[in-house]
Amino acid sequence: MAVIFPKSSDIILKVAGAVAGIGAVIAVAAFTYYTYPTVIDTGYQPVQPVPYSHKLHAGQLGLDCYYCHSTVYKAAFAAVPATSTCMNCHTQVKKDSPRLEPVRQSYATGKPVPWVQIHRLPDYVYFNHSAHLSAGVSCVSCHGRIDQMIEVHQEKPLNMAMCLECHRDPAPNVRPANLVTKLDWVPDRDPREIGAEIVAQKHLDPPTNCSGCHR
Amino acid sequence: MSAVLQDPQLMEVNPPLVRTEDYHDLTEQISVIVEGDVVKTPLKYWITLAITASVTGILGLMLAYLVSTGIGVWGNNRPIGWAWDITNFVFWIGIGHAGTLISAILFLFRQKWRTSINRSAEAMTLFAVMCAGIFPLFHTGRPWRAYWLFPIPNTDLNLWQNFRSPLIWDVFAVSTYFTVSLLFWFTGLVPDLATLRDRTTNKLKQWIFGALSLGWRGSARHWSNYEKAYLILAAISTPLVLSVHSIVSFDFATSVIPGWHTTIFPPYFVAGAIFSGFACVMTLLLIARWTLNLQNLITIKHLENMNKIILVTGSVVGYAYATEFFIAWYSGNLYERFTFLNRAFGPYWWAAWSMYSCNIFIPQLYWFKKMRNNLWVMFVISITTNIGMWFERFVIIATSLTRDFLPTSWGYFHPTYVDMLTFAGTIGLFLTLFLVFARFLPMIAISEVKGVLAVQKHQFTDKEVVAHDLR
Amino acid sequence: MSLITIQTPNVTGKKYWRSLNQLADTKEFRDWVHHEFPANATEMLDGNSRRTVLKLMAASFGLAGLAACNRPVEHILPNSAGTEADNYLPGEPFHFATVMSIGGHVTGLLVETHDGRPTKIEGNPDHPHSLGAATAIQQALVLGMYDPDRSAKVLQGGKESTWPALESAVQKLSLGDGSGLRFLSGFVSSPTLDSQRTAILKKFPKAKWVEYEALSRDNELAGANMAFGQPLYVHPKWDKAKVVVSLDHDFLNLDAPTPFFTLAFSKRRRVGSEEDLDKMNRLYAVESQFSLTGANADHRLRMKGSDVQQFATDLAAALGAMPGLNVVNNGGAADKRAKFLAAVVKDLKAAGPEALVVAGPRQPASVNALVALINEKLGSACVTYTKPVIDKSNSGIDALKTLAGEMSAGQVSTLVILSGNPVYSAPADLQFPVALSKVATSIHLGAEEDETSAAATWHIPEAHLLESWGDEASSEGAASIQQPMIEPMYGGKTPIEIVNWVTTGKFTKSHDIVKSYWLAQFTGDKEQAWRKALHDGVVAASKTVDPIKVTVDTKKLATALGAASKAASTGIEVGFYPSSATWDGRYANNGWLQEAPDPISKLVWGNAAMISPKLARDQKLTDGDIISLTRGNVKMEAAVMVQPGHADDAVSISLGYGREKCGRVGKDVGSNANLIRTTDGFYFAQGFTLAATGKREILATTQERGTGDQQHDRPLAREVAIDEYKKNPKSIEEMSEVPEIHSIYSEFTYDKGNQWGMAIDLTSCTGCNACVVACVAENNTPVVGKDQVLRGREMHWIRMDRYYSGDENDPEVIEQPIPCMQCENAPCENVCPVQATSHSPEGLNDMAYNRCVGTRYCANNCPFKVRHFNFLNFHKHEPELVGLVYNPDVSVRMRGVMEKCTYCVQRIEETKIKAKRDGRREIKDGEIKTACQQTCPAEAIVFGNINDPNSRVAKLKKQERNYAMLAELGIKPRTTYLAKLRNPNPELTA
Amino acid sequence: MTLDELKDKIGIGEDKVYAAMGAFDNPDDLVEAGRKIREMGYTKLDAMSPFPVHGIDDAIGVPASKLGWLVIWFSALGALTAVTLIWYVGAVDYRLVIGGKPFFDFSYTIPIAFELTVLFSAFASFLGMWAINGLPRLYHPSFNYSQAHRASDDLFILVVEANDPKFNPQQTAEHLRSVGAGDVEVVEG
């Protein structure tokens, strides 16, 4: 009978198979990597209407986070300051700087400055700033060294895995309550020890069950 | 396997091939169906295919509507969270069972007559399981989240499945069942694909069959491993098929709902599955036998044997019903008693009684040889049996839910046209797949039948068989 | 006192969107968004994004364009000016006190707002008639505020007009001495409005002011007038009474649009400890329709409404209350009525000062008078009388009759209709529409474009309760100030403003009028007093009227009774009742209420002609058959529903349905009983002919119908007579045999920290729907509509189960609220394939909506069927505006997911976080209240930490009558029930 | 190695003698002939048949299949995988209280353990069989035999491979004819 496939077909088959196999592996790896929260969610740095520098204000000038984000200790949500807060200083300082024009506009017209939101959780997640601050979790744990960012970007993935990691083992992220907004705090000893003590003393027991965060 | 096919005691069974004298005729007879010029296929085939295909199209439409609008397009409600969806699921899975059973269990039991039907029975299993699979997937409120049902490592959520849930067991059972059946079916197909490859002169067909047959050349070494593999697959398929329907029955048996919460379910469901499965094979065979003139391959003897099995399994199912009632009464449990009285005399009496009559009473006709051998009788009974078995699932699933513990949350189920068309659609899908299979792949395992033929031509002695089996 | 005082007029520079078209315009809407909320809008956004309101705002927050890493750009819009309210916390709830009144019943309310949006109404704990409780209707008011179908524009002759046009029309009015000037208002209980009225009647001596309510307290006053010669309010002291006889008075539900009666009554019904057993009161009910009062009565006697007068007379006679009366004894001792009467008389006499007889507001003056007589004869210390603070001389049906006469006679040139919908609700024989057409200028102030607004020359949109300044004084005099939480969304006006405008020609905001009125009342630091009054919700200074001592003038009464006595009733009687959902029709457009099942019939989305099983058999009628009721020239059609325990030869039908001009929700729902309601048969009328029409209508009920023992001998809702309970406290427990259950697993133990649990006392629970609606409001559960209810897909997380038992002619009814039982060994959790529902360490059955794939297996496996599946996207067809009512602390569930009660876990978590902030670890008992518990007027629901032996719930669970439903399944429910104790009279049970 | 060797290795070398092949028209003759040829001292034998011919394995010395062992190991692996997965998920990675049941218990691993056992052994036997048989192999020298295409129809072919020490084209062909084979050819490929 006539041979259907030429002699070389088997080696071709083998090579093709090998290539396909490797290709598949690479594809899966790539997909996993690019959909990985720490990759996809971090680094988000939209252009803000006003190039407000946290590095300058919080870092060099040493403004406490609480000065602007005034509700964090009492409320679930951390407030973005009203324009009037900016104008407390900027009526004297840099009062003619062109870059502050939108702020002055807003102050005059009453129209808000359209800041672009960076740190965002899904609607079904109920995060409460006051709860975490009173426990002694610092801003750094979720927002990173804001005081070193000229324009703020998202540093942590803020995904469920991240929340769980800390809820299962809070010690490394817990510090004395008075230091939560001190982003550049350098602990004199192993922060985990310090945290562990506070956890014990405050009887912290963060929930890992569903209704802890989803309602 | 050769040994299996050469078991002399079984030679009393009238041979599967009455006319064919030698191997080549046999090859011809089966291959010609597949090789025939597509254009020349009888018109009745194309018409049937057109009908079934369009019904399948309706299935597509219904599912699209369902996904875009919500489960509300079905009649499901509170308290009846599961109705036709899961009923159809269990129904189809049950149908599937006969295929594996015929090809695996009958194989292990050396039932030679299986060779003429096992191929189509296996195909039927695959298609039935496909139809079944549709329902668990689309009965979820958010099918686009169905992948959450599989243990895929999820670095984001850190969430897994609840392995205490029978539904997860189902996921594993059904997907395993499908995979194994597919492998089993394909393994059996390879030598025949080689045959087709060697017969055709059409280059394209040569390439296709050549590739599909994986370069099979019938080497003695290959055959020896092949037989072993086939034996193992048959051996594991047997407990598998029993486990699958047991696990399906766990969905209900492990719950707290009266009418569901029953330890008898696993054997009862398996028997029911075999019962309905054989009935379905019967229906298909009778149709195939008529349309493709396979009288000499599928003999009355084969059919009668199947009828006997239907009679037995039917009676087992009947016994199970009786037991349920007895236990309900004997348990002295208020809710159990109510449920079973309600089943027979409540608002769903009609469903219950159609199930009793179709599954218990009608099959009793098979006590009479006349009935077992009458093609019309067996055709009708094969249909009623399947109707009855569908009702069995409906009665168990839906009517138990309509009236459970708190009378204030009792309800009634009204199917919508979407329910009905979806079910009809799966039947369409099933038939379409089967028709395509019957036309384009050898419906009968050529190499196996040749083995049987060899036995007829040359008597072997028991001793050799034993010797062969031992090593 | 912290207010986001958007209402004080001197706060300027604020813009509010006032109409839907502006709402559509995103730019305008955006203005509203950050002007409405004085503080930074961040929280507002986050807070709202919990709810569909985000969709609403999507456009304005530019969910367009993709950023670098494919993320929609979300803007944060902080306000330009800082927050005004010093301690206002964005996103955190804020409460305001206000007050509402229906048909002369006044209740203080507490309104929860989020970022300026009222989201929930609760009772005001400081208000004597609420004490924190609120009725279903009161709680549903908040939804009404966001009703997009509310009247938004001025109408002239039914056509759209403008404010200026109206203004000039008002200017043109020539009122002269007021001879052509008439005011038609509802039951006035507002001191300010009353003072305005006095002023007006002085200024226009010939003017008249008529009060008319379709359902009011007029008969109460008239009765007192008949008995004592002066109109007086009757104040039953329910908590003082040992024996209560209710003559057709459904004071637990329909006849009490206030939680107050239930509050007081249940004080003697609740069994906190063993000694309470002897304190328990005994309730006899005499009525026609099966009411909740009848259901909770220890003995019930059914009779036509018109026969009650005879019964009252017999009762008075049997007590020898008045010479010349003698018992018309129909039937011998075997006769049920006679036996009942005898027993009641004996019991009442025994109770003496602790005896209380009450007559229903739907019973004529004569019955009310007789009751006054009886109470006096009994020397009952359980009832007091007060003079009306606000004049009622021109109130009621006769006043309306006169007015209608004047109108048709063309004597009325200017008619001002202050709220209400007379064209719909006035008796048919007054031909009100015709009369109205004869009036030169009729000005209608109404909340919606209804039947009246179409017929009047002018229609003015009325501000919603939560948008308006005003005040209400209870019949005992306790006054409260009504304050808005939000500027009128549709620019609506209040009655006070309109009255002032029409009579003075210039417009003054009601805030000024109300404030100036009250400042005049205050002494000392007026401003301080004013703010305190606003804060507390009760005016401390308001003098509560002292009860007056009065005696019945028997002679006058005898003659009056003679005049009032009617011939024995003949033919079919039709009784008109308030609707538990729409009251008199004013709440017809409220989805929450339409979908709250009637406590007895479980009917939703409509009313029906209730008839007794016997009448149904005689007339060969079944549920849903449409009958016609004819009497003289009045006629209506309605679907019948067979009501076990209903009086024979009588039909009961609730008002408030069959609205022809109404919003989308209430239009053409049910049938309009006002068509056959006449002045001579205002609450019930005899001589109707009943005929089947052959047509049918499908009635939607949330519960399978049927009579007989609906529990099928199952020990679900358990009850026992109090004496039997004393004899054998174990009797409850013995109703079901719970075997020792040994699990093959080592079970999880819940012994540390807070372990939440609930106890529901069936003895004090009356079955009113307050908890059901409270839950809807708190947990954003959707309204699904009649069609879906018919398919059994209603979503109420807590439902009210009703069981009949015994003879279908005189059945007993027991009501049982069913929330999630939070089983420790929850069957639902085991079967969920994706761990969407699991257990919290505090014993809650958590449900993670966002994880659910929707297999519905959990619902199937729930023995109580308290899990509800979103079969469709039920929020999709909701007007976007309704999204504003949602509670931001609870996610709105999407299609295809399961949802359920979680003991208001959002409240639990909030409180725990608050405690953490305060550096506390333990939660005080009662610090967390679930929505259903908080609103329950009978305090039947108690929630708390069962791990703390001193908590109320733990104590209750220790009682012998505490039982867990279906405990035999080994599921260990956290919600348990305290069996219903009845207090029957041995003489009648024997 | 040389290029040619490499080519041979990967199967695209020059054609060379593969075997001497002869056909029979029924299985018994094949078995008979096979036995005879073997007695002549040939060791590298094979047969091609449309269905498994009983007795041929003894006749030409085909070793028993090793597949069984492979499957046993994989079935064990399947069960192990299931139990480990369920234990890790429930008791290690995320401990959630569900229905008051323990975080891990053998009882509820049984169904899935069973299913995975079956699944793994099925794959083992299927893939294992092809692997041992060295299939898929699209080209094979034996296909050059003129009657090869009938090996899947009605012919039974005896193969004496060229790598047999005793192989000699003419002589072997002669032997084949002597045991009654028809269409004897020396096949190259």
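**Entry 1: the model.** I noted first that this is a predicted model.

**Entry 2: the B–C interface.** I looked up how many residues take part. On the chain B side, 57 residues are in contact with 55 residues of chain C. I then took the area: about 4,500 Å² is buried between chain B and chain C, and carbon and sulfur atoms give 54% of that area.

Entry 3: I searched for salt bridges between chain B and chain C, and the rule finds 3. One that I looked up joins the side chains of B:R78 and C:E794, at 2.7 Å from N to O.

**Entry 4: what chain B brings.** I asked which elements of chain B give two or more residues to the side that touches chain C. They are α3 (43-69), α6 (166-199), α8 (220-253) and α11 (334-345). The largest share comes from α3(B), with 4 residues. Sorted by class, this side of chain B has 30 nonpolar, 19 polar and 8 charged residues.

**Entry 5: C:T855.** I located C:T855 in the loop between β33 (845-847) and α29 (857-860) of chain C. Is C:T855 buried or exposed? Its relative accessible area is 7%, so I list C:T855 as buried, the cut-off being under 20%. I left aside neighbours within four places in sequence and listed what C:T855 is in contact with. From chain B the list has B:W82, B:H139, B:T140 and B:L167, and from chain C it has C:P833.

**Entry 6: C:P488.** I found C:P488 in another loop of chain C, between β19 (479-482) and α19 (495-504). C:P488 has 12% relative accessibility and therefore counts as buried. I also checked its separation from C:Q309, which is 179 residues apart from C:P488 along the chain. The C-alpha atoms of the two are separated by 47 Å.

Entry 7: I turned to strand β2 (residues 93-102) of chain C, which is mostly covered, with 8 of its 10 residues buried. β2(C) pairs with strand β3 (residues 105-114) of chain C in the antiparallel sense, over 10 bridges. I looked up the bridge partner of C:H95 in β3(C) and found C:E112. The two strands, β2(C) and β3(C), form a hairpin with 2 residues between them. In the turn, C:G103 has a positive phi of about 50 degrees.

Technical notes: Residues numbered from 1 in each chain as written. Chains lettered and ligands numbered in written order. Predicted model: local features only at pLDDT ≥ 70, side-chain atom pairs only at ≥ 80, totals over all residues. Heavy atoms only, no water. Contact = heavy atoms within 4.5 Å. Buried area = accessible area lost by both parts, 1.4 Å probe. Salt bridge = Lys/Arg side-chain N within 4 Å of Asp/Glu carboxyl O. Nonpolar A, V, L, I, M, F, W, Y, C, P; charged D, E, K, R; others polar. Buried < 20%, exposed > 50% of the residue type's maximum accessible area, 1.4 Å probe, protein only. Pairing = 2+ DSSP bridges.
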